[in-house]
Every structure is written in C-alpha cells, then in structure tokens.
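Hi there,

Here is the structure I promised to pass on to you. Have a look at it first, and then read my notes below.

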Amino acid sequence: MVEAEKLQYFLHLVDGLANGVNPVTGAVLSESVFDEPEVIRGLFGVKEILRELLENPKPATRKSASKFVWRDDLPLSEILQDDPICVSPFVAKIKAVNDGIAPSAKAIWELLDAKGILYDGVDVNGEKRRLPTPDAKQYGVFAQERFSSTRGTYTVVTYDRNGQQLLLDCIKEIYGA
C-alpha cells in the first residue's frame, strides 16, 4: 500500500472506533474502553490528524521541547492553579501560553528523581512508575489513587500549589539562562 492508501485505511479504522463501531465487522461496540470520553476525544483528534495528512502529505514540523527556554515573563497566573495537577497537564498549560513550546516532562521527572523527591516504584496495580518519596509531601507532591471504569484503580502523582512552584523551579534549573 502506498502512504495515501495506508492513511485512508487508518482513517477508516479510527473513524469506526471513534463512532463506536468495529471498523472490520461493522458491529456496534458494547461497553468498552471506547466508551470513555477521553478515548473518544483522542480518536476524533487522531482522525482529524489523519485527514490533514491525507490532504497535506507534508506533516507540519513539531516544535521541540529542546527549544524551550525559560522566560521570566511567563504568565504564572495562567499556569499555577489552586487544585492539584499532574506534570503533563502542567506542562501543557505552559505550552498554551508559550507559543506552543513546552519543557520536557521527562526532564522534569528526572530532576525530581535526582533531587530525591520521586523514585522508581510500583503502584497499586504493580505497574512501574515514578512515585513520591515520603519527604515529597513537604514540597507539595502527593500520590493519589484514581479509578477508571477501564483501568480500575491507578496511581497518579499530583502537585499542589507548592508542588507547582517546585515544578517551575525545576524548569528554571533545567532551562534557565
């Protein structure tokens, strides 16, 4: 198959899944991961990307995390929030106010690991992940269990307002001048 045919086929598959239909058999999908609103939104997002690739075969260049540079004029009031947040959405907030350029979540996690705030552990499901050390609470970093109908119980690391300031301090340390 040539690239355009592959993209068209993938678009067909994703379109079916996004609409709750098995794209191979045409059968309506019963209760499954595809009932989750985040999954449905993700599938529609992928569908749009595939459609754009079909219409414009040259993919847009992606702004790299390596191009991120700390700016003292970032609007912190639009980044920091009172409710706890995970690193990825926090980084997305920075990206939203910084011309689509964001720091690397992986680099932040690695620095927090090196500072002894996170460690490589095992969550409630036995999955490997970075978890907060016992001392992390003093920095506003917490483990929180969540529940999803598809994943069951799982653990996320959240950052309260102090933890978010810690994230900003780490970003400055990594990307500052």
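**What I found**

Of the 177 residues in the chain, 32% are buried, meaning under 20% relative accessible area with a 1.4 Å probe, counting protein chains only. Please keep in mind that this is a predicted model, where local features need pLDDT of at least 70, side-chain atom pairs count only at pLDDT 80 or more, and totals for chains, interfaces and linings use all residues. Residues are numbered from 1 along each chain as its sequence is written, and side-chain values use heavy atoms, leaving out hydrogens and water.

The chain has 6 helices and 4 strands, which are DSSP runs (helices H or I, at least four residues; strands E, at least two) numbered from the N terminus. Their order along the sequence is α-α-α-α-α-β-β-β-β-α.

Do look at helix H6, residues 161-175. Its buried residues include Leu166, Leu167, Leu168 and Ile171. The buried residues of H6 pack against helices H3, H4 and H5 and strands E3 and E4, where a contact means heavy atoms within 4.5 Å. At the start of H6, a side-chain oxygen of Asp160 comes to within 2.9 Å of the backbone nitrogen of Asn162.

How far can you trust the model? The mean pLDDT (the predictor's confidence in each residue, from 0 to 100) is 82 for the chain. Confidence is highest in H6, at 94, and lowest in helix H1 (residues 3-18), at a mean of 72. Over residues 59-65 the pLDDT is below 50. Where pLDDT is low, the predicted coordinates should not be read in detail.

Best wishes

Terms used: Buried means under 20% relative accessible area, exposed over 50%, partly exposed in between (1.4 Å probe, protein chains only). The expected span of a helix is 1.5 Å times one less than its number of residues. A polar contact is a pair of N or O atoms within 3.5 Å; within protein, one must be able to donate a hydrogen and the other to accept it, and residues adjacent in sequence count only if both atoms are side-chain atoms.
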